[in-house]
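Welcome! Please take a moment to look over the sequence and the model before reading on.

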Amino acid sequence: MKTAKGTILHNNWDEKPYHESAPQKSTKANIEVVFDGDLKAKARTDFLMQYPDDTHCHYAGYLLVDGELAGRKGSFIIFETGTWENGVASSRWEIVKASGTGGLAGIAGGGSYQAEHDKTVHYQIDYTLP
């Protein structure tokens, strides 16, 4: 298994509520993600986010990643789940089986990151390629 590391930018964060019943809130967020480092890519994602109160959030979504990894160009899909608590977002990734295209066909693995608001986000992906 190989490891890719780098940074992520979350751009154009557009989050809108679709249900509110204080203190709970449900939102949908559309985000442009830019990966730099070992994975150089862009991704579009939609997250469903559940806030049980003002200090916690649970979220899940898919990132449609298009770029270059290990000198190979292509795309793949990441399924992301995470939580936000005490100002830190903690995410876990799973590369969706059979989602790789082009030079990234057959990619498998997963990864993670932790992010504090307005700070640099560092990711790690552990992956295999045929």
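This report visits a few residues and then turns to the aromatic rings. Keep in mind that the model is predicted.

## Ala4, in a strand

Let us begin with Ala4, which you will find in strand S1, covering residues 2-21. Is Ala4 buried or exposed? With a relative accessible area of 1%, Ala4 is buried, because the cut-off for that word is under 20%.

Which residues does Ala4 touch, leaving aside those up to four places away in sequence? They are Asp38, Leu69, Tyr123, Gln124, Ile125 and Tyr127. Asp38 is 34 residues from Ala4 along the chain, yet their C-alpha atoms are separated by 5.2 Å.

## Ser99, in a loop

Next comes Ser99, in the loop that runs between strand S6 (88-95) and strand S7 (101-102). Ser99 is buried too, and its relative accessible area is 11%.

Where does the side chain of Ser99 reach? It comes to the backbone nitrogen of Ile77, at 3.0 Å. Ile77 is also one of the residues that Ser99 touches, along with Ser75 and Phe76, when residues up to four places away in sequence are not counted.

## Aromatic pairs

How many aromatic pairs does the structure hold? There are 6. One of them joins Phe35 and Tyr123 in an edge-to-face arrangement, with 5.6 Å from centre to centre and 80° between the planes. This pair links distant parts of the chain, since Phe35 belongs to strand S2 (residues 24-37) and Tyr123 to strand S9 (residues 121-128), 88 residues apart. Both of these residues, Phe35 and Tyr123, are buried.

Another pair is made by Tyr62 and Phe79, whose ring centres are 5.0 Å apart; their planes meet at 40°, so this pair is tilted. Here, too, distant parts of the chain are linked: Tyr62 sits in strand S4 (residues 56-69) and Phe79 in strand S5 (residues 72-85), 17 residues apart. Tyr62 counts as partly exposed, at 47% relative accessibility, and Phe79 also counts as partly exposed, at 27%.

Our last stop is Tyr51. What sits over the ring of Tyr51? It is the charged end of Lys25, placed 4.9 Å from the ring centre.

Notes: Residues numbered from 1 in each chain as written. Predicted model: local features only at pLDDT ≥ 70, side-chain atom pairs only at ≥ 80, totals over all residues. Heavy atoms only, no water. Helix = DSSP H or I, 4+ residues; strand = E, 2+ residues; numbered from the N terminus. Buried < 20%, exposed > 50% of the residue type's maximum accessible area, 1.4 Å probe, protein only. Polar contact = N/O pair within 3.5 Å; in protein donor to acceptor, adjacent residues only side chain to side chain. Contact = heavy atoms within 4.5 Å. Phe/Tyr/Trp six-rings, centres within 6.5 Å; stacked < 30°, edge-to-face > 60°. Lys NZ or Arg CZ within 6 Å of the ring centre and 35° of its normal.
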